[in-house]
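Good morning, everyone. Today I will walk you through some side-chain pairs. Please look at the screen.

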Amino acid sequence: MEKPMCCSKNSGCDDLRLLSRKQLIRRWQCGSDALFWRAERDGLLLPHRDGRRTGYAEGDVFAFEGGRPPKGLLEAYRADLMTPDDVAARCPLTRGTILDRARKGVLPARRIGTAWRFVPAEVARWLKTWP
């Protein structure tokens, strides 16, 4: 289990986990050194040290993705995110339609750089609204 770590003062969250780059790349199903370098340079995703370990505070990650999880959904938002193709495989819509609905705010989505990602629990809730 990961040791709790305080988020930066900008994220405004309680003690949460410290996530490594490897964990974030798996979570987002994307990412590169350039993405992290740009985010760090711009002050959007700041690394923290916990002894010999360096990582990113979970609250900072949520802020980078677009904001804190809604109340009561923290555990759901900790799950690895889905790609537009993953969402399209679960419904009769194309990848392009999924992205269009995410841009319009019809489908709850997170942004990682230029990539759109989706919280599995939010997708499941959205799919339940289908006729």
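Start with a charged pair: Glu65 forms a salt bridge with Arg27, with the closest N and O atoms 2.8 Å apart. A salt bridge here is a side-chain nitrogen of Lys or Arg within 4 Å of a carboxyl oxygen of Asp or Glu. Glu65 is in helix H3 and Arg27 is in helix H1, so this pair ties together parts 38 residues apart in sequence. Helices (H or I, at least four residues) and strands (E, at least two) are DSSP runs, numbered from the N terminus. Both Glu65 and Arg27 are buried. Buried means under 20% relative accessible area, exposed means over 50%, and partly exposed is in between (1.4 Å probe, protein chains only).

A word on the source. This is a predicted model, where local features need pLDDT of at least 70, side-chain atom pairs count only at pLDDT 80 or more, and totals for chains, interfaces and linings use all residues. Residues are numbered from 1 along each chain as its sequence is written, and side-chain values use heavy atoms, leaving out hydrogens and water.

How many salt bridges does the structure hold? Eleven. Another one joins the side chains of Glu40 and Arg21, at 3.2 Å from N to O. That pair also links distant parts of the chain: Glu40 sits in helix H2 (residues 33–41), Arg21 in helix H1, 19 residues apart. Glu40 counts as partly exposed, at 23% relative accessibility. Arg21 is partly exposed too, at 28%. Arg21, Asp33 and Glu40 are linked in a network of salt bridges.

Glu40 has another partner. Its side chain makes a polar contact with the side chain of Tyr56, at 2.3 Å. A polar contact is a pair of N or O atoms within 3.5 Å; within protein, one must be able to donate a hydrogen and the other to accept it, and residues adjacent in sequence count only if both atoms are side-chain atoms. Tyr56 lies in strand S4 (residues 53–57). Is Tyr56 buried or exposed? At 3% relative accessibility, Tyr56 counts as buried.

Now the rings. Ring pairs link Trp28, Phe36, Tyr56 and Phe64 into a cluster. Rings of Phe, Tyr and Trp (its six-membered ring) pair if their centres lie within 6.5 Å; planes under 30 degrees apart count as stacked, over 60 as edge-to-face and the rest as tilted. There are three aromatic pairs by this rule. Trp28 and Phe36 have ring centres 5.8 Å apart and planes at 20°, so they are stacked. Trp28 and Phe64 are tilted, at 5.7 Å between centres and 35° between planes.
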